[in-house]
Amino acid sequence: MNFKQTDFVKKYAGNPILTPADIPYPAAQVYNAGITKFNGKYVMIFRDDYGRYEEDFRKQQEIALRTGEPYRWPPNTQITLGLAFSDDGFHWEVQPNPCLELKTDEIAHIYDPRLTVIDGRCYLCFAVNTNHGVLGGIAVTDDFENFEYLTMTTPDNRNMVLFPEKIDGKFMRLERPFPVYSRAGNEEFDIWCSKSPDCRYWGESKLLLGAEQVPYSNSKIGPAAPPIKTEKGWLTTIHAVEKINGELYSWHPDWNKIYYGGLILLDPEDPTKIIGMSKKPFLVPEHEYETKGMRGSVIFPGGMILEDSGEVKIYYGAADTVECVATADVADLLKLCGV
Ligand code: BMA
């Protein structure tokens with residue numbers, strides 16, 4: 001499929017807003033950030049992959065070509081979570097040290113943070129790579145120095161996001177389990193939702209959106225940035241994957257997935273119900289900073305902020321390498337969802 005970028009969504013002329021060159025500690029890729037407003041400041045927690053650089057991928061390619069050995073991914077990737085603050089949401093001050101890293105004999109790293117402020121506390125959802133599968137986790141902080149871990153799922157689950165308000169007195173999250181077995185090994189995964197009385201114990205799980213319902217995906221979908229409240233309902237982004245025949249630019253061979261940003265609108269009273277959906281993506285990879293990088297043609301939204309003016313800032317990781325922002329009028333985004 002050949003989707004065009006929707007023109008009322010403006011990609012910031014100063015993109016990318018964060019690159020490895022901005023980081024005062026080792027960084028090869030900085031992307032898939034969670035962003036929110038907390039105590040009057042914009043706050044970003046970003047994923048920083050380090051210890052493995054483009055040259056290492058090229059070296060492995062060269063060895064595979066020369067020796068006929070299978071291509072091997074370069075080892076030594078580490079991931080830490082960095083912290084940055086901003087007064088305007090566009091210009092960021094990266095803090096001198098990473099703010100969170102979780103590593104045990106069982107856990108390799110946590111990554112892809114998403115931030116939601118609920119009742120004055122900042123909650124962080126993240127993915128967890130372990131020796132026995134990928135989990136979704138949630139922690140809470142008041143100062144971005146001390147984090148209390150609240151919960152982790154069973155495998156395989158990730159891309160969790162929290163609603164900024166309790167729904168009928170309960171925390172609510174969107175999530176994306178990936179049941180390979182029941183999908184006969186196909187990468188077709190859906191968005192689910194669950195509720196919790198305390199953000200630790202989760203249940204009432206329910207399918208929200210099947211991947212097959214998204215016209216611009218032939219593969220998996222997942223929650224992207226945490227939902228925002230609008231006059232028409234809960235507006236939230238999804239990422240949607242289209243697999244193409246052919247190869248896209250990346251640092252490694254065999255990359256064929258385009259990641260788009262999409263939109264869904266959920267019922268204001270009962271957000272387990274979808275009341276609108278964009279029939280086409282609202283964020284399409286087009287610029288070099290989106291099409292070229294560790295994995296080209298990837299747009300991965302992780303933060304969405306509704307300003308009092310009606311402007312929405314949408315933050316997204318681009319090409320698994322840098323962090324970007326786009327803006328749009330909330331009314332146009334709602335119109336795209338068909339309401
Ligand atoms: C997903 C996650 C994301 C990443 C995306 C594209 O499966 O690993 O962190 O941005 O793939 O590579």
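Where in the chain is Asp156 found? Asp156 is in the loop between strand S9 (147-152) and S10; strands (E, at least two residues) and helices (H or I, at least four) are DSSP runs, numbered from the N terminus. The views below show a predicted model, in which local features need pLDDT of at least 70, side-chain atom pairs count only at pLDDT 80 or more, and totals for chains, interfaces and linings use all residues. Residues are numbered from 1 along each chain as its sequence is written, and side-chain values use heavy atoms, with hydrogens and water left out.

**View 1. The residues around the ligand.** The ligand is surrounded by Asn32, Arg47, Asp112, Arg158, Lys220, Trp255, Tyr259, Arg295, Val298, Phe300 and Asp320; a residue is near a molecule if one of its heavy atoms lies within 4 Å of it. This shell holds six charged, four nonpolar and one polar residue. Here Ala, Val, Leu, Ile, Met, Phe, Trp, Tyr, Cys and Pro count as nonpolar, Asp, Glu, Lys and Arg as charged, and the others, Gly among them, as polar.

**View 2. Polar side chains at the ligand.** A polar side-chain atom of Asp112 is 2.6 Å from an oxygen atom of the ligand. For Asp320, a polar side-chain atom also lies 2.6 Å from a ligand oxygen. An N or O atom in the side chain of Arg158 is 2.9 Å from an oxygen atom of the ligand. On its own, the ligand has 310 Å² of accessible area, and the protein covers 90% of that area; such areas come from the Shrake-Rupley method with a 1.4 Å probe, and for residues only the protein chains shown count as cover.

View 3. Asn157 belongs to strand S10 (residues 157-162). Asn157 counts as buried because its relative accessibility is 7%; buried means under 20% relative accessible area, exposed over 50%, and partly exposed in between (1.4 Å probe, protein chains only). The side chains of Asn157 and Glu175 make a polar contact at 3.0 Å. A polar contact is a pair of N or O atoms within 3.5 Å; within protein, one must be able to donate a hydrogen and the other to accept it, and residues adjacent in sequence count only if both atoms are side-chain atoms.

View 4. Gln5 is in the segment before strand S1 (10-11). With a relative accessible area of 16%, Gln5 is buried. The Gln5 side chain makes a polar contact with the side chain of Lys11 (3.0 Å). A polar atom of the Gln5 side chain also lies 2.8 Å from the backbone oxygen of Phe282.

**View 5. Gly82 and Met44.** Gly82 is part of strand S4 (residues 78-86) and is buried, at 0% relative accessibility. Gly82 and Met44 are 38 residues apart along the chain, and their C-alpha atoms are separated by 8.1 Å.

**View 6. Two cis peptide bonds.** The bond from Asn15 to Pro16 is cis, with omega near -5°. Pro16 lies in the loop between S1 and strand S2 (29-38). Pro155 and Asp156 are also joined by a cis peptide bond, with omega about -15°.

**View 7. Two alanines with positive phi.** Ala184 is not a glycine, yet has a positive phi of about 50°. Ala184 lies in the loop between strand S11 (171-177) and strand S12 (191-196), and is exposed because its relative accessible area is 68%. Ala319 has a positive phi of about 55° and is in the loop between strand S20 (311-318) and strand S21 (322-329). Ala319 counts as buried, at 0% relative accessibility.
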